Amino acid sequence: MKNQQRTFTADEIKKAHSKVKSGADFPTYIQDLKKLGVSHYETFVADGHTDYYGVNDYIIRSAAKYASLNIAQTSSKEKFLTQLKAHQKGKTDYPTFCNDASKSGIEKWVVLMEEMTCTYFDKANNSILVEEIPH
């Protein structure tokens, strides 16, 4: 069965996610999800839940990961970029990164597997930053 036609499970996603210890592990995580058949996903900073999408409108929603965070009304790309770089170097854990993102006005990020991009959005759904994922 081709990856694009495969239906993934919540347990498979949890197993892939369990390998992620810091932002430095992100590219491998994306490759693992891609192999499972995930076409894209959206992670919401307010509570950490993620919606994973596959073919034929298939979707799995993860549970909230932490207590609700308030997202700043005004986004700061410069502040967020500094926080993101620290996280990608393994200097912060995931909860710290999400807390930092909320204070920088980041509401969610969307990862597109085929394009290998991660786009961060503010509360008004404006694209704040688009990153290419190393592969």
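**Exposed loops, sheet and core in a predicted model**

At 76% relative accessibility, N56 counts as exposed (exposed means over 50% relative accessible area, buried under 20% and partly exposed in between, with a 1.4 Å probe and protein chains only). The structure is a predicted model, in which local features require pLDDT of at least 70, side-chain atom pairs count only at pLDDT 80 or more, and totals for chains, interfaces and linings use all residues. Residues are numbered from 1 along each chain as its sequence is written, and side-chain values use heavy atoms, with hydrogens and water left out. N56 is located in the loop between β2 (50–53) and β3, and its phi is near 55°, a positive value in a residue other than glycine. N125 is partly exposed, its relative accessible area being 48%. Most residues other than glycine have a negative phi.

The protein chain contains four helices and six strands, where helices (H or I, at least four residues) and strands (E, at least two) are DSSP runs numbered from the N terminus. Read from the N terminus, the elements follow the order α-α-β-β-β-α-α-β-β-β. The radius of gyration of the protein chain is 14 Å, close to the 14 Å given by the globule rule for 135 residues, so the chain is as compact as a globular protein of that length. This radius is taken over C-alpha atoms, and the globule rule is 2.2 Å times the number of residues to the power 0.38. Along the principal axes, the C-alpha atoms fill a box of roughly 45 × 25 × 25 Å. Of the 135 residues, 42% count as buried. Contacts (heavy atoms within 4.5 Å) with a separation of 6 or more come in 47% of cases from residues 24 or more positions apart. The mean pLDDT (the predictor's confidence in each residue, from 0 to 100) of the protein chain is 90, and 95% of its residues reach 70 or more.

The six strands form an open sheet in the order β3-β2-β1-β4-β5-β6, with antiparallel pairing; two strands pair if DSSP finds at least two bridges between them. Strands β3 (59–61) and β6 (127–132) stand at the edges with a single partner strand each, so one side of each has no neighbour in the sheet. From one strand to the next, the twist averages 15°; axes are lines fitted to C-alpha atoms, for helices over the stretch in contact, and angles run from 0 to 180 degrees between N-to-C directions. Strand β1 (residues 40–44) is joined to β4 by five bridges, and F44 has K108 of β4 as its bridge partner. Five bridges also join β4 to β5 in an antiparallel arrangement, with V110 opposite T119 in β5. The hairpin of β4 and β5 has four residues between the strands, and M116 there takes a positive phi near 55°. Strand β5 (residues 117–121) in turn pairs with β6 over five bridges, and C118 stands opposite E131 in β6. Helix α3 (residues 77–88) lies across β5 and β6 and runs at about 30° to β6.

The largest nonpolar core comprises 29 residues, of which L33, Y41, W109 and Y120 have the most contacts inside it. Such a core is a set of buried Ala, Val, Leu, Ile, Met, Phe, Trp, Tyr and Cys residues joined through side-chain atoms within 4.5 Å. Two or more residues are given to this core by each of α1 (10–18), α2 (26–36), α3, α4 (94–103), β4 (108–112), β5 and β6. Helix α2 gives the most, with four residues. Beyond its neighbours within four places in sequence, W109 is in contact with several residues, including Y41, F97, C118 and Y120. Four of the five residues of β4 are buried, so this strand is largely enclosed by the rest of the structure.

In α4, the buried residues are F97, C98, D100, A101 and S102, and the buried residues of this helix pack against α3, β4 and β5. K103 is also found in α4. Leaving aside neighbours within four places in sequence, K103 is in contact with A72 and K79. The C-alpha atoms of K103 and Q73 are 8.9 Å apart in space, although these residues are 30 apart in sequence. Just after α4, G105 takes a positive phi of about 85°.
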